[in-house]
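Please look through the sequence and the model shown here before reading on.

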Amino acid sequence: MNKKIIRANQIYGFIPLEMEGVDALADLALDMRWSWNHEADKLWERIDPALWELTQNPWVVLQTVSHDQLERQLADPAFRHLMKEVQKSRDSYKQSTTWFQQNFPASSLSNVAYFSMEYMLSEALPIYVGGLGNVAGDQLKAASDLGVPITAIGLLYQQGYFRQDIDSKGNQQAYFPYNDPGSLPITPLRLDNGEWLRIKISLPGYPVWLRVWQVQVGNVNLFLLDSNDPANLPIHRGITSELYGGGADLRIKQEIVLGLGGWRLLKALDIRPEICHLNEGHAAFVVLERANDYMKESGLPFETALTITRAGNLFTTHTAVEAGFDYFSPALMEQYFGEYVRHELKCDFNRFMALGRQDEKDSDQYFNMAFLAIRGSGAVNGVSQLHGRVSRHLFSSLYPRWPIREVPVGTVTNGVHMPSWDSETADELWTTACGKLRWKGDLSSTETDICAVPDDTLWTFRNRQRQTLVTYVRQRFERQATLSGQSAEMLERAKELLDNNRLTLGFARRFVNYKRTNLLLKDPQRLYRLLTDEKRPVQLVLAGKAPPFDENGNAMIRQWNEFIQQFNLYDHVLFLSDYDMHLAEHLVQGVDLWVNTPRRPWEACGTSGMKVLVNGGLNLSVLDGWWAEAYTPDLGWALGDALEHKNNPEWDTNEANELYSLLEEQIIPMFYTRNEKEIPEQWVEKMRHSMSKLTPRFSANRTVREYTEKYYLPMAANFRKRSVNDAGLAKKMVHIATLLKQKWETIQIARVDMKPTATGYSVRMLLQLDELIRDFIAVEIYSEGISGIDPEKTSMQEEFNGTGEKWYQATIITNRPATDFTVRIIPAYEHVSIPLEDNHILWQR
C-alpha cells in the first residue's frame with residue numbers, strides 16, 4: 001500500500017481548530033516530548049491549572065477547556081510569547097543535527113522497527129505495567145534525542161493496567177478504568193482520502209481489522225494497533241482489551257496482532273526496516289511474517305527467506321526464569337497457525353513447531369516464544385551482565401554440549417532516560433555543570449563536570465529535592481486518606497506528616513514474592529527503633545502494586561499497612577497508593593536512599609534505582625541486575641554475598657539482619673555526621689561519585705548508542721549482504737547447513753597425539769569425515785575456563801602430507817596440564833553465526 005498517509009489532529013471534533021493558534025497548541029499537546037521537556041507545562045497550567053495538576057495530560061486539558069478560556073489565553077500577549085518560545089524550542093530540537101547524523105552520515109541503516117507489548121511514556125498514556133514498558137519508553141525517548149531512526153509498534157489497550165486504592169484496613173483495591181482514546185495523546189492514522197488506516201489479519205475462520213493510532217515521541221513515531229473496530233466480532237474486539245489479562249488464548253491473539261499485524265502495518269506505511277528489535281519474546285511472530293513477506297517478494301522458500309531476514313532481527317530477553325516465557329500448546333498453535341504455515345509459509349507444520357521447541361522431535365512439547373525469537377534472530381542479548389550469564393544458562397538446552405559461556409547471548413545493560421526522571425532542580429544543576437545538550441551527545445565530559453560541583457551546592461540541591469517530596473507526599477496522602485474514609489483527625493494530621501530534614505528512604509516495587517518487599521519487616525521492633533531514634537530519625541515512603549489476583553502480593557501490602565497502624569508510624573512510614581509513573585517521578589527525585597531487595601538472580605536488570613542517580617539519590621541494593629555491575633563501595637551500599645541462595649528463609653533472615661546493620665552502623669550515621677557547615681561530607685562525596693560515574697553509564701543515552709553500534713549497524717550490513725545478488729549467500733548458507741545436518745554423524749576423531757614442548761604442547765589429530773563437508777568445519781583444541789582462568793581455544797590447521805589422511809595440527813603455548821585439553825569440531829562457513837545459527841559440535845571422547 002503506497003497511499004499517502006496523513007495525521008489528523010482532530011478525533012471527535014472537540015477542539016476548535018478553526019480558532020487561530022489552537023492548531024499549534026494541538027501539535028504541542030500531541031508530541032509527547034512534553035513528557036521529558038517541561039517548557040510547555042506553564043501553558044497547560046495557565047489554561048486549566050486544576051485539570052493539569054490532576055491529569056498531567058495536555059490533550060485532556062485542550063479537549064476539556066471552554067472555547068472562551070482558550071480565546072482569553074490566546075489573546076494574552078504573555079501566553080502567546082510563551083507559546084512562541086516553546087514552538088521555537090521544539091522546532092530547534094527537530095531540526096538540530098543529531099548524534100546519529102554526526103557519527104554515521106553514510107549509514108546503511110535507514111530504520112529500526114521496535115516491537116514491544118508495552119510502553120511507559122507518561123501516565124497520560126497508560127499502556128504499561130512496569131519494567132518492560134519503562135525500558136521501551138525510555139529507549140524511544142533516547143532514540144529521539146540521539147536521532148537513531150526507530151519506528152515503534154505496540155498495542156492500544158482499552159483498559160491498560162489496573163489502578164489501585166488502599167482501603168482503611170490496608171488492603172489493595174483494584175480498578176480497571178476504560179482508556180478513552182479521545183482523551184489520550186494519540187491520533188488515528190488516516191489515508192489522504194480520510195479513510196482510517198486499518199490492517200487486516202486472519203484468525204481461524206474470520207478476518208480481524210486493526211485500527212492504527214499514532215503517538216509522536218519527539219522524532220520517533222510509535223504506532224499502536226487496536227482491535228476494537230466495530231467491523232470485528234465481539235470476541236475479536238476484545239483482543240486488545242487489557243494488558244497481560246486473560247489466558248493463553250487471549251495472549252496468543254495479542255501476540256499475533258503485535259507480530260503479524262505490526263509487520264503488515266510497516267508494509268502498509270512503506271517502511272522497510274533493516275532491523276526488527278524484539279523487546280521480549282511477545283513479538284516473536286514478526287519473525288514469521290517478515291520471512292513470509294520476503295518469500296512473496298522474492299519467490300524464495302521459507303528456509304532461505306528466514307536465513308536472510310533473521311540477520312536483521314535482534315531479540316532482547318528480559319526474563320530471568322523459565323516460567324516467565326510464553327508457552328502455547330500444540331493444539332493452540334495448530335488452531336491459530338495451521339493454515340498460515342501450510343498456505344503462507346508453505347512448510348511442514350512439524351518443522352515450524354520445531355522453531356519453538358527445545359527438542360525438535362518431541363511433538364508434545366509446548367511452543368516457546370523465546371525459542372522462536374532466538375531461532376529467528378541474528379543476535380540475542382540480556383539486559384545486564386548478570387542477566388546475560390543467567391540467560392546463557394536458561395537457553396543452554398538449545399545448544400547441547402556447548403560450554404555455557406559460548407551460548408550466544410550478549411549483553412546491553414538497560415539505562416533510563418535521565419531527562420524523563422530528573423526534577424526541575426536537578427535539571428538546573430546538571431545544565432549549569434554540563435550544558436543543556438548533555439543528553440544528546442556521547443556524555444564524555446559529564447563525569448568531570450559533575451565532580452567539579454562544590455559540596456554546599458550538592459547538599460543544598462539534595463535538601464530542596466527532599467523538601468519537595470515531603471510536600472508532595474503530604475498532599476497525596478491527604479487525598480488518599482480521604483478516599484479510604486480515614487478520620488478527620490488523620491486528615492488534619494496528614495498536612496504535617498514526615499519531616500523535611502530526615503533521612504528519607506524510598507521503596508517502590510511490584511509486590512511479588514521474588515522482590516522480597518517485606519524483608520525490612522523481618523524484625524518489626526528493630527525497624528521501629530531504627531525509624532524513631534530521637535537523635536537520628538528515619539522516614540520511609542513506600543508504593544507498589546500486587547497483581548490483582550495474587551493473594552501473596554496483596555498480603556505483603558496489607559502487612560506493611562498493618563505495621564504502620566500497629567506502631568502508629570504515619571509520621572515515619574507512609575504507603576502511597578496507585579503507584580504510576582507520576583508518583584515514581586516524585587519518589588526518585590526526592591529520596592536520599594533507594595532500597596532494593598530482590599532475590600538474586602531474579603531481577604534481570606531493574607531500573608528504579610537508576611532513576612535516583614541523576615537526582616543525587618544513593619542506592620542500597622542486593623547485588624542483582626544492574627547493581628551487580630555498578631556497585632563499588634564509594635558509590636552506595638551492597639546487600640548479600642553476590643551468590644544465589646534460591647528460596648531460603650534462613651538466608652532471607654540473614655540478609656534482613658545485614659540490611660538493618662547497614663542502616664544502623666553505616667548509612668544513618670553517615671547522613672547525620674555533619675561538619676561545621678552542617679554538611680555531611682562523606683554522604684555528599686558518595687553523592688558526587690554516584691552522580692558523576694553512574695548517571696552517564698546507566699542512562700538510556702548510553703544504552704541506545706550501544707545498541708546502535710554493537711547491533712543495529714553491523715546487523716543491517718549483514719542483512720544486506722544476505723539479500724543482495726539474488727540471495728546467493730543465503731542460498732549457499734542453507735545448502736551448507738542442510739549438508740552438515742545430513743553428514744555430521746560421519747565425522748569421527750580417529751586419533752589424537754599430544755606431545756609436550758618447552759612452552760606447551762604439540763597436537764596432531766586424525767579426522768575421518770565425508771569429503772563433501774570438509775571445507776565447512778573448523779577443528780579446535782579447547783580447554784575450559786576454571787578458577788577465574790579464561791578458556792583457551794587454538795585452531796588446528798590441516799596438514800597436506802600426500803597420504804590422503806586428514807591430519808590436523810596445532811602448537812599450544814600454555815602452562816595448563818594436558819588433561820585440560822580436548823579436540824572439538826564445529827561448523828565454519830561464510831557469514832554463519834556459530835552456534836546461534838548452527839549448533840552442531842563434536843568433542844573428542
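## Strand 16 and its partners

In this predicted model, Leu505 stands opposite Leu593 in strand 19. Strand 19 covers residues 593-596, and it runs parallel to strand 16, to which it is joined by two bridges. Strand 16 also pairs in the parallel sense with strand 17, residues 538-543, and here the pairing extends over six bridges. Within that pairing, Ala508 has Ala543 of strand 17 as its bridge partner. Between strand 16 and strand 17 the chain passes through helix 22, residues 524-532, and the β-α-β crossover made in this way is right-handed.

## The two sides of strand 16

Are the residues of strand 16 mostly covered or mostly uncovered? Strand 16, which spans residues 503-508, is mostly covered, since six of its six residues are buried. In a regular strand, side chains alternate between the two faces of the sheet. In strand 16, Leu503, Leu505 and Phe507 point one way, while Thr504, Gly506 and Ala508 point the other way, and all of them are buried.

In soluble globular proteins, nonpolar side chains tend to be buried together. The largest nonpolar core in this model has 131 residues, and those with the most contacts inside it are Phe285, Leu288, Met333, Phe337, Phe352 and Tyr712. Helix 29, residues 700-743, gives the largest share of this core, namely eleven residues. Apart from this core lies another one, of 101 residues, which includes Leu531, Ala584, Ala656 and Ile667.

What does Met333 touch, if residues up to four places away in sequence are not counted? With those left out, Met333 touches Ile252, Phe285, Phe328, Gly338, Phe349, Phe352, Met353 and Phe367.

## The chain as a whole

The chain contains 29 helices and 28 strands. Its radius of gyration is 29 Å, which is close to the 28 Å given by the globule rule for 845 residues, so the chain is as compact as a globular protein of that length. Taken along the principal axes, the box filled by the C-alpha atoms is roughly 95 × 70 × 50 Å.

Of the 845 residues in the chain, 60% count as buried. The chain exposes about 33400 Å², and carbon and sulfur atoms supply 49% of this area.

Key: Residues numbered from 1 in each chain as written. Predicted model: local features only at pLDDT ≥ 70, side-chain atom pairs only at ≥ 80, totals over all residues. Heavy atoms only, no water. Buried < 20%, exposed > 50% of the residue type's maximum accessible area, 1.4 Å probe, protein only. Helix = DSSP H or I, 4+ residues; strand = E, 2+ residues; numbered from the N terminus. Pairing = 2+ DSSP bridges. Right-handed = clockwise from strand over helix to strand, strands pointing away. Core = buried A, V, L, I, M, F, W, Y, C linked by side-chain atoms within 4.5 Å. Contact = heavy atoms within 4.5 Å. Rg over C-alpha atoms; globule rule 2.2 N^0.38 Å. Areas by Shrake-Rupley, 256 points an atom, 1.4 Å probe, with all protein chains shown as cover.
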